[in-house]
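Please walk me through this structure step by step.

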Amino acid sequence: MLGAVDKLTALLGSARVLTGTDISEDDWHDESLVALWHAPDAVVLPHSAAEVAEIIAIARDFAMPVTARGSGTGLAGACVPRAGGVLIAFREMSAILEIDVDNQVAVVQPGVNLRALDEATARHGLVYPVFPGESSASLGGSVATNAGGMRAVKYGVTRHQVLGLEAVLGTGEVIRTGGKFVKATSGYDLTQLIVGSEGTLAIVTEATLRLYPRQAHAATVLAPFRTVADIAAAVPRIVQSGIAPMILEYIDVMSMAAITAARGLELGIDAAVKEAALAYLVVVLESRDSGRLDEDIESLGDLITTLGALDVYVLPPRAAADLIEARERAFFAAKAAGANEIVDTVVPRAQIPEFLARVQLIAQDTGSMVVGCGHAGDGNVHLSVFQSDPERLEQVLRSVFAAGAALGGAVSGEHGIGTDKRGHFLALEDPAKLALMARIKAAFDPDGILNPGAMLGPAPALVEAGAG
Ligand SMILES: Cc1cc2nc3c(=O)[nH]c(=O)nc-3n(C[C@H](O)[C@H](O)[C@H](O)COP(=O)(O)OP(=O)(O)OC[C@H]3O[C@@H](n4cnc5c(N)ncnc54)[C@H](O)[C@@H]3O)c2cc1C
């Protein structure tokens, strides 16, 4: 009998089945700080959903784990190949199939990256509004992780933009869900089940995405505050004001120092203000009308001054772009500074001050340093944890996730569970919900070949019980 690799080669040709030293080390890992790298037995480069279905059929026959990979920018170890597994890489399925201006949708293959989609939609005066910090991320990976990013406070996350999918199940069946419309009440919403499922339910081979008019004018306002708690208290008032910011971020003083130093960025903040500021609020406003934008900037300035801003700076366009880019690269600044792990817990935005206060107590109790920045507008707090002792690091993570959960939050707001946060997710999540998730997993992927070990992992209990 032919081996799995021989069968894959017969299907795709040798140029599209990589093994041994032909596999790049890039395909062994994502950007997680803690996941162990692992080489797959084979990397395959499909061109169509039909080929993905054939790959799944072969993997099923050989009980091979299958991991989908977009651009490998994930931060949770979710696309790290499994032992003896096959990695489906989508670099040869990277076409923008359609920009449908009248229906305001884009139809894309999974390997399209966010930068390419942004350039293509800009030509039509449209925008795909999800901007996670890494524009090389693929749309397949974005869908699978339900990527968020800074603009979620205005536009929502990937989940809110995915109107339809083509996907291959763990059975090898190809399904199409949704379509070029924003509403449907026709059966279970399979699109939304697949979004955020981290490649554990289905392999996405096409996505239909919602687009929006691209606003012509934008302004970035930077406001130093005395404390992060002052910013967190100001955020609900800003959201309630109706100004509708596109970006509403906080950056603590340590993170600001690191990200501005990493880019050599000078923001012209008054020395006395700098001395007093322990945190910075960044607000980006956008409008199709420059007069309306100016009015919003003024209203925002007045509001945040009454809410405790030490000063208000409307940044020149170059400095504004540099600051946003520096913020997007905060992960790399933290990594360069030696962070041992990063956390993207989400809590209700009004609970951010309480959460951050608890985090600082945890840091003190464990002799750790925890600094950060985050999407203050949607409660998504990004923490860099500096604690080199593995046991203490685990203790910090456990306590931080428990604190977030106790305040009504969730382990991950956007990076996903992957392999890194799986233990914490399983420990904190409701067992009844976990059991239901395992049954859903078994329905999509009865042999448990899709990304086993990520999020839920294989469901041995189900197999033993005969439900698989
Ligand atoms: C500097 C930096 C900043 C970041 N900022 C943010 C941020 O602000 N917000 C945010 O949400 N994320 C952020 N991220 C994380 C990351 O960019 C996103 O998670 C991104 O969506 C992952 O896309 P990818 O193509 O790299 O996916 P990968 O890392 O390749 O894969 C991620 C997951 O998706 C699965 N997958 C990939 N393709 C498919 C497919 N076709 N079908 C099914 N499953 C698939 C993989 O198996 C894996 O489980 C950041 C990352 C970096 C490095």
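The axes of helix α1 (residues 4-12) and helix α2 (residues 49-61) come within 10 Å of each other and cross at roughly 165 degrees. Axes here are lines fitted to C-alpha atoms, for helices over the stretch in contact, and angles run from 0 to 180 degrees between N-to-C directions. Helices (H or I, at least four residues) and strands (E, at least two) are DSSP runs, numbered from the N terminus. This is a predicted model: local features need pLDDT of at least 70, side-chain atom pairs count only at pLDDT 80 or more, and totals for chains, interfaces and linings use all residues. Residues are numbered from 1 along each chain as its sequence is written.

α1 and α2 are therefore roughly antiparallel. Angles under 35 degrees count as roughly parallel, over 145 as roughly antiparallel, 65 to 115 as roughly perpendicular and the rest as oblique. The crossing of α1 and α2 is right-handed. A crossing is left-handed if the near helix is turned anticlockwise from the far one by less than a right angle, and right-handed if clockwise. On α1, the contact is made by A4, K7, L8, L11 and L12. On α2, E51, E54, I55 and I58 take part. Two residues are in contact if their C-beta atoms, placed from the backbone, lie within 7 Å.

Helix α8 (residues 253-263) and helix α11 (residues 317-328) have axes that come within 9 Å and cross at roughly 115 degrees. That makes α8 roughly perpendicular to α11. α8 passes α11 in a right-handed crossing. I259, T260, A262 and R263 of α8 meet D322, A326 and R327 of α11.

Next, the domains. The chain is divided into domain 1 (4-89), domain 2 (96-213), domain 3 (217-326) and domain 4 (338-416), with bounds from an automatic or database domain assignment. The C-alpha centres of domain 2 and domain 4 lie 29 Å apart. Their contact takes 9 residues from domain 2 and 8 residues from domain 4.
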